[in-house]
Amino acid sequence: MFQRNPVYLKDYTPPPYRAETVQLRFELDEQNTEVTATVRYRAEQPGEPLHLAGQGLTLLAIHLDGRPLAPAEYTTTEEQLTLHQPPAQFELTLVTRIHPKENTALAGLYLSGGNFCTQCEAEGFRRITYYPDRPDVMAQFTTTLVAEQARYPVLLANGNCVEQGTLPDGRHFATWHDPFPKPSYLFALVAGDLACQEGHFTTRSGREVVLRIYVRAHDLEKCDHAMASLQRAMAWDEESYGREYDLDIYMIVAVSDFNMGAMENKGLNIFNSSYVLASPATATDIDFVNIEGVIGHEYFHNWSGNRITCRDWFQLSLKEGFTVFRDEQFTADMNSAALKRIEDVRLLRTHQFREDGGPMAHPVRPDSYVEINNFYTLTVYNKGAEVVRMLHTLLGPAGFRRGTDLYFERYDGQAVTTDDFVQALEEANGVDLTQFRRWYSQAGTPQIQIERQFDAVHHRYTLTVRQSCPPTPGQADKLPFHIPLKVALIAPNGTPLPLRLQGESEAAGEERVLEIRRAEEVFCFEGITEAPVPSLLRGFSAPVKLELSQSDTELAFLMAHDNDEFNRWDASQQLALTVMLRLLEVLHNEGQPYLDSGLADAFGHTLANAALDPALVAEALNLPAEEYVGEFCHEVDPGGIHVVRQYLRRELAQRHRPLLLARYQALTDEGPYRIDATAMGRRRLRNLCLSYLLELEEEEVQTLALAQFEGAHNMTDALAALTALVHTGAPQQQAALEQFYQRWHSEALVLDKWFALQASSPLPGALGRVEALLHHADFNLRNPNRVRSLVGTFAMRNTARFHEADGSGYAFLTERVMELDTLNPQIAARMITPLTQWRRYDAGRRDKMREQLERILGKSPLSPDVYEVVSKSLA
C-alpha cells in the first residue's frame with residue numbers, strides 16, 4: 001500500500017538556496033528530449049546541502065561552475081538530487097533526458113495533438129529538470145527551444161522573444177526571456193504546428209501589447225470571442241484595479257489534452273481548448289460566458305498570482321480565491337450580475353458545502369496535504385473567493401480598493417501569504433480583521449440560526465442570531481467567525497423599510513450589513529410599525545447555511561416583492577425545496593403525492609410576468625438540483641429524490657401547459673445569434689419551457705422539439721432540444737443523436753457534449769449506455785475532457801442512476817478510477833469524489849461504496865493522489 005508523509009504548514013522554512021537566473025535549452029524530440037538547465041544559486045544558509053526535486057529524469061551530466069562533479073559530491077533518488085557541500089554562490093548545469101510521448105499524466109512536458117506543451121503547476125517542473133520546485137523560489141528565466149522546423153514551426157516560451165533563427169540540419173531555434181522573476185510552476189513552453197490570430201491592446205500608459213491566440217489551423221475561426229474577451233479583461237482590470245499588463249506580448253495556446261481549465265504561465269497562458277474555441281454553431285451560451293470568465297481569470301493572475309505569488313502551496317487561495325473573486329466581478333459587469341451570483345452560489349451550495357461536510361474537508365488555507373494536486377478544490381477556489389467577497393462587503397468598494405492597491409504596491413515581486421493580504425487591507429482601512437482570519441484557518445460551513453420577534457406595541461423588530469460550525473476532520477471545536485449578514489425588512493405592501501437599530505438617532509438606509517462576531521447576537525430595529533418579512537443573507541453575503549423558519553406564504557411574498565434579485569431567486573428555491581422534502585416524506589410513507597398549490601401558483605405567476613428578466617425567470621422556475629436536495633436529508637435517498645423532482649416537473653408542466661407553450665412561442669427569435677444578456681436570457685427561458693413541456697410525452701411537443709433541433713441556427717437551441725428529447729425518452733431520440741453525431745463527429749468539443757448528454761440521461765439503463773460508449777471509437781481514456789464528459793458526468797450529474805441500489809454504478813466508477821490511476825492520477829483522484837460521500841447514504845449503499853473504496857485502496861501500485869483521497873474517505 002502506498003504511503004507518503006504529509007506536508008505540514010507548521011513545518012514551513014524558507015529555502016536555504018535561492019535561484020537567481022535560470023537558462024534552459026530544450027532539444028525537443030517526442031521520444032527523448034534533452035534539457036540543459038544552467039542555474040545561478042545563492043545560499044541563504046551557507047553550508048547546508050542543496051536538495052533539488054526531480055521525477056522521472058535521467059541525469060546525463062552535472063557541472064558546478066563548469067567542473068564535472070564526482071559521484072561522491074551528490075546523490076540522486078527517485079524524487080531528489082542532493083548536492084552535499086555546495087559553495088555560497090555557484091552555477092549549476094544539469095543535462096537531463098525526458099520522454100514527452102510517454103507522459104500520460106499531463107504534468108511537465110508532454111504532447112497534445114502532436115504539439116509539445118507543458119503544465120508545471122503545482123509540481124510539474126520537477127519532471128523537466130532537477131530544481132527547487134517550490135513557489136517561494138523566484139528567478140529570471142531565459143529559454144531556448146530547438147526543434148525540427150517543418151514539424152514545429154512555432155516555438156513559444158515565457159516573456160519576450162529575444163532571438164530566433166535556423167540551424168543547418170533542418171531545425172530552428174527561438175530564445176525567450178522573461179524579465180520578471182517567477183517560480184518554476186509558472187514556466188511554460190509550446191512547440192508545434194499552430195495557426196495564430198493576432199490582436200492588439202494599448203494600455204492606459206501607452207504601451208502597445210501584441211495579443212496572440214494559437215490554435216490548430218481549422219480552429220482559427222473560433223477565436224474571435226476569446227480575443228474580444230481578453231481585450232475586455234485587460235481594460236476592466238485597468239479600470240477596476242489599476243493593473244496594467246507588463247510585457248510586449250500576451251499569448252494564449254489552446255490544447256486538447258489538459259487536466260484543468262487553463263494555466264496563467266507568465267505571458268504564455270496554456271488553455272484547455274474548451275475555454276478558447278467558440279462559434280455560434282459549436283458553442284452554447286454557457287460556453288461563451290465561461291470562456292470570457294476563464295480568459296479573464298488567467299489574465300487577472302498576471303498580478304494576483306504572477307507578480308505576487310504564494311509563499312507555499314498552503315497559501316494557494318491567496319492567488320486563486322482572490323482571482324476567482326476578480327473574475328466573478330468581471331463576468332457580473334459584462335453580463336447579468338444577478339444571474340452570475342445565482343450560478344456561483346448554486347455551485348457553492350451544491351458541491352462546496354458537500355466538500356465542507358465530507359472526509360476531505362479542509363480550511364481555505366489547509367494545514368497539511370499528502371498530494372497538493374488534491375487541494376485544487378472548490379474550498380480553495382470558490383469558498384476562497386467568498387472570503388474575499390466578505391472582505392469587500394465589510395470594507396466597501398472604496399476601502400477594498402485601497403487595500404488591494406497597498407497589497408500590489410507592497411508585495412510586487414514577492415511570494416507572500418494570506419495573512420499578508422489581509423494585513424494590507426487592515427492597514428489601508430484602519431480596521432482589525434484578526435477574528436476574520438478564522439475563515440482561512442477553520443474548515444466547515446458555518447450555520448446561522450435566526451429567530452425573529454415583532455413587538456407591535458413598541459414598534460420593535462428583533463433578530464436573534466446564533467452561529468455554530470460542525471466538527472470537521474482534525475477540527476472538533478470552532479471559534480466564532482466574523483460574518484457579514486446583509487439584511488432588509490420588507491413591509492406588507494412590498495416596499496423595503498428604513499432600518500434604524502436601537503440606540504441610533506436615524507435610519508441608515510434600507511439595507512444593513514450586520515457584523516456577527518459572537519456565538520449569539522441580538523439586533524433590535526426600532527420604528528417598525530407593521531410585522532415585516534425579513535430578507536436575510538442578501539446577495540448571499542456569507543458562505544453559510546441559514547436556518548430560519550419561513551412559511552410558504554412568506555417565501556411566495558419574497559418571490560414577488562424582494563428587491564434583491566438573488567434573494568427573490570433563493571425564495572423560489574426554498575419554496576420548491578420545502579415542497580420536495582414534504583413529498584419525499586409522503587413517498588417514504590407510501591402516501592399519495594400531490595402538487596402543492598402554493599408552489600404551482602408561484603410558478604405560474606412568475607412564468608406569466610413578462611416584466612421580469614427571462615434569465616431570472618428561468619432560474620426561478622428550475623427546481624433545485626437533486627444533489628442539493630440531498631444536502632437536507634439525514635440519509636440521502638437518490639432514487640426517491642429523483643422521483644419527487646420528476647413528479648413535480650410533470651405536474652407543473654400539466655398545470656401550466658398553455659402558458660409554457662405561449663411563452664415558448666413568444667420567445668422565438670428568428671434574428672441573428674447574439675450573446676448579450678438579453679438574447680441569452682430569452683433562449684434560456686424558452687428552452688426551459690420546452691424541457692418542461694416534453695415531460696408530458698405528447699407527440700405535438702416532441703415534434704416541436706425535433707423541429708427546433710433540426711432548424712436551430714445555434715448550438716444552444718440545438719443541444720437544448722436534443723437533451724430534452726433524449727432525457728424524456730422521446731421516440732425521435734436515437735435518430736436525433738445519430739444526426740448530431742454525423743454532423744459533429746470531427747469537432748472534439750461538440751462531441752464531448754454528445755457523450756455528456758447521454759451520460760446524464762435519467763432514464764433506466766443509463767449504466768449500460770455509458771458502458772457501451774466506453775467502447776465507442778471516439779472515446780479516449782487518455783483525454784481528460786472525454787473522461788469528464790462521459791465518466792464524470794454519469795458519476796456526478798446522473799445522481800439517481802449512478803446510485804442504483806445494486807451498486808453497479810460504484811463498481812463501474814472504481815474500474816475507471818483504477819484504469820486512470822496508471823495513466824493520469826490527477827484525473828483519477830477527481831473522479832472518486834462521489835464515493836467519498838458514502839456515509840450519507842442508507843446502509844446498503846454505504847456498504848457497497850465503502851467496499852469499492854477499499855478495493856481501490858488495495859490496488860498496487862497506487863498514486864499518492866488517489867491514496868490520499870481514498871484513505872481519508874475511509875478513515
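Modeller: Gladly! Let us begin at a hairpin, that of β17 and β18, where G206 takes a positive phi near 100°. There are 5 residues between the two strands. Please keep in mind that this is a predicted model.

Colleague: How do you know that β17 and β18 pair?

Modeller: Two strands count as paired with at least two bridges between them. Strand β17 (residues 195-202) and strand β18 (residues 208-215) have 8 bridges, in the antiparallel sense, so they qualify as a pair. Within this pairing, H200 stands opposite V210 in β18.

Colleague: Which residues of β17 lie on the covered face, and which on the uncovered one?

Modeller: A195, Q197, G199 and F201 make up the covered face. The uncovered face of β17 has C196, E198, H200 and T202.

Colleague: You just named a cysteine. How many disulfides does the structure hold?

Modeller: The number is 0. A disulfide needs two cysteine sulfur atoms within 2.5 Å. For C161, the closest cysteine sulfur is that of C196, and it lies 13 Å away, so this is too far for a bond. The sulfur of C117 has its closest cysteine sulfur in C120, at 10 Å, which is also too far for a bond.

Colleague: Why is C117 called buried, and C161 partly exposed?

Modeller: Buried means under 20% relative accessible area, and exposed means over 50%. C117 has 1%, so it is buried. C161 has 32%, which falls in between, so C161 is partly exposed.

Colleague: What is the strand order in the open sheet of 4 strands?

Modeller: The order is β29-β26-β25-β31, and the pairing is mixed. Its edge strands are β29 (520-526) and β31 (545-547), each pairing on one side only. The twist there averages 20° from one strand to the next. Strand β25 (residues 447-455) and strand β26 (residues 460-468) are joined by 9 bridges in the antiparallel sense, with Q467 in β26 as the bridge partner of I448.

Colleague: One last term. Why are α9 and α11 called roughly parallel?

Modeller: Angles under 35 degrees count as roughly parallel. Helix α9 (residues 565-588) and helix α11 (residues 614-621) pack at an angle of about 30°, with their axes 8 Å apart. They are therefore roughly parallel to each other.

Colleague: Which residues meet where α9 and α11 pack?

Modeller: From α9 come E565, W569, S572 and Q573, and they meet L616, E619 and A620 in α11. Among the residues of this contact, 3 are nonpolar, 2 polar and 2 charged.

Methods
Residues are numbered from 1 along each chain as its sequence is written. This is a predicted model: local features need pLDDT of at least 70, side-chain atom pairs count only at pLDDT 80 or more; totals for chains, interfaces and linings use all residues. Side-chain values use heavy atoms; hydrogens and water are left out. Axes are lines fitted to C-alpha atoms, for helices over the stretch in contact, and angles run from 0 to 180 degrees between N-to-C directions. Angles under 35 degrees count as roughly parallel, over 145 as roughly antiparallel, 65 to 115 as roughly perpendicular and the rest as oblique. Contact means heavy atoms within 4.5 Å. Ala, Val, Leu, Ile, Met, Phe, Trp, Tyr, Cys and Pro count as nonpolar, Asp, Glu, Lys and Arg as charged, and the others, Gly among them, as polar. Buried means under 20% relative accessible area, exposed over 50%, partly exposed in between (1.4 Å probe, protein chains only).
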